[in-house]
Each structure stands twice: as C-alpha cells, then as structure tokens.
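Here is a friendly note to read alongside the structure. Have it open as you go through the points.

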Amino acid sequence: MIWLIMIVLFGASAFVSWRLRSKFNEYSQIGLSNGLSGAEVAQQMLRENGIYDVRVVSVEGMLTDHYNPQDKTVNLSADVYYGRSVAAAAVAAHECGHAVQHQVAYAPLKFRSAMVPVLTVSSQYMQWILLGGVLLLRTTPIPLAIGVALFALTTLFSFVTLPVEFDASRRALAWIQTRGVVNQREYGFAKDALWWAAMTYVVAALGSLATLLYYASLLMGGRRSN
C-alpha cells in the first residue's frame with residue numbers, strides 16, 4: 001500500500017511540476033497592464049509595508065525565486081526581476097510576502113527558520129544512517145530508529161512550510177489587488193499561478209510523509225522479527 005501511495009505521489013509531483021512550469025510560461029506572456037517589472041513590484045510592496053532593510057536582487061536560474069532571511073534579500077530569477085508580466089508580479093509579491101512575515105515575526109516562519117540549522121547538519125548523515133539502519137536491521141533496530149527520527153524532522157519541516165507558503169501567497173494576492181497592481185483578470189491569473197506553486201509544496205510534504213511511513217514500517221517489522 002505504501003509503495004502504491006509513493007508511486008501515485010511521484011506521478012502527482014511530476015504533473016504538478018509540469019503544470020507549474022506550463023502556467024508560469026503562459027502567464028509570463030501576459031503583460032501587466034500597469035507595466036511594472038517584478039523588481040518594481042517587489043520594491044513597492046516592501047516600501048508600503050514599511051520594510052526598508054531588504055534588498056531586491058536578481059539571481060540565475062528559472063523558478064529560483066526565494067526570500068533569504070539571513071541576509072534580508074528578495075532573490076528573483078531574471079525572468080521575474082526584469083519581467084513585466086502577471087507571472088513576474090505574482091512571484092515577486094509572493095517572495096515579498098515572506099519578507100513581511102519576517103518583519104511581523106510570523107510564528108510558522110520563525111519555527112521553520114529555527115529548524116534549518118538542525119536539518120542542515122542532519123541531512124548530511126541521514127541517508128547514510130537510513131541505509132545502514134536497513135542493512136543492520138536484523139542485528140539491531142537502533143540505527144534505523146535514529147534515521148527515522150531524523151527523517152521525521154524533515155517531514156515536519158515540509159509540513160511547517162505549508163502555512164508559510166500559503167500565507168505568503170495570501171499576503172501577496174491581497175496586496176496586489178488592493179493596491180491596483182493587477183486588474184480583475186490579471187488577479188485571477190496571479191492567483192492560479194500561486195496556487196500551482198503552493199501545490200508543489202503540498203505534494204512534497206505528502207511524499208515526505210509517505211517515505212517516513214515506509215521507513216517506520218520497516219522499523220516496526222524489524223522489531224517484531226527480533
């Protein structure tokens with residue numbers, strides 16, 4: 001059953017990733033009626049939320065947009081930074097939504113950020129511990145139990161990410177609508193684009209949970225056999 005769930009989630013992940021890229025490409029061809037670039041949208045949203053210590057910078061790659069709370073930068077891919085499309089406006093506003101979360105000390109974001117150092121260290125060893133745990137399961141369940149505990153942290157991180165991402169999109173959509181950055185038609189496109197982006201995190205979280213359950217089932221089966 002777990003294998004079947006994992007196969008379904010793998011297919012769902014591939015579909016959502018394809019759909020997101022398809023939507024981004026589609027909405028990248030729809031020019032923003034006010035002619036603002038993604039960088040200009042981001043700078044305006046930051047200013048209007050009283051944020052003056054966050055820089056908006058351009059980074060390489062496609063869909064590499066992110067907010068870095070460590071150096072307080074809104075990092076936008078070239079297509080978003082220079083783009084004057086609905087997609088660029090939506091993505092830029094979403095990333096600024098994270099900056100607003102940081103400013104107001106949004107609890108899920110604070111919790112997520114606090115987990116990063118621990119996960120950075122554990123991720124270096126987790127796969128090896130899980131592999132060793134599976135190989136040594138007939139001898140001792142302890143290594144696999146440690147691996148499952150570490151993977152549980154990764155899964156928790158995936159689920160904590162969900163409210164962070166959904167809230168950033170909510171803030172972005174509310175701002176671009178109330179400030180007239182988009183018209184009603186463009187708002188619908190922006191909302192659709194951000195919804196598909198959010199779905200990638202949902203599928204990732206479910207995939208992580210399915211993998212955790214798989215390793216947990218191996219652990220429980222090993223304990224019973226011992």
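**Notes on surface and salt bridges**

1. Let's start on the surface: Phe 111, Val 118, Leu 153 and Leu 156 make up a nonpolar patch with about 320 Å² of accessible area together. Patches take residues with over 30% relative accessible area and no salt bridge, joining like charges within 9 Å and nonpolar side chains (Val, Leu, Ile, Met, Phe, Trp, Tyr) within 5 Å. Accessible areas come from the Shrake-Rupley method with a 1.4 Å probe, and for residues only the protein chains shown count as cover.

2. Please keep the source in mind. This is a predicted model, where local features need pLDDT of at least 70 and side-chain atom pairs count only at pLDDT 80 or more, while totals for chains, interfaces and linings use all residues. Residues are numbered from 1 along each chain as its sequence is written, and side-chain values use heavy atoms, leaving out hydrogens and water.

3. Which helices supply the patch? α5 and α6 each give at least two of its residues; helices here are DSSP runs (H or I, at least four residues), numbered from the N terminus. Phe 111 lies in α5 and counts as partly exposed because its relative accessibility is 43% (buried is under 20%, exposed over 50%, partly exposed in between; 1.4 Å probe, protein chains only).

4. Helix α6 also holds Asp 167 and Arg 170, three residues apart, about one turn. Their side chains meet in a salt bridge (2.8 Å, N to O), meaning a side-chain nitrogen of Lys or Arg within 4 Å of a carboxyl oxygen of Asp or Glu. Asp 167 is buried, at 8% relative accessible area.
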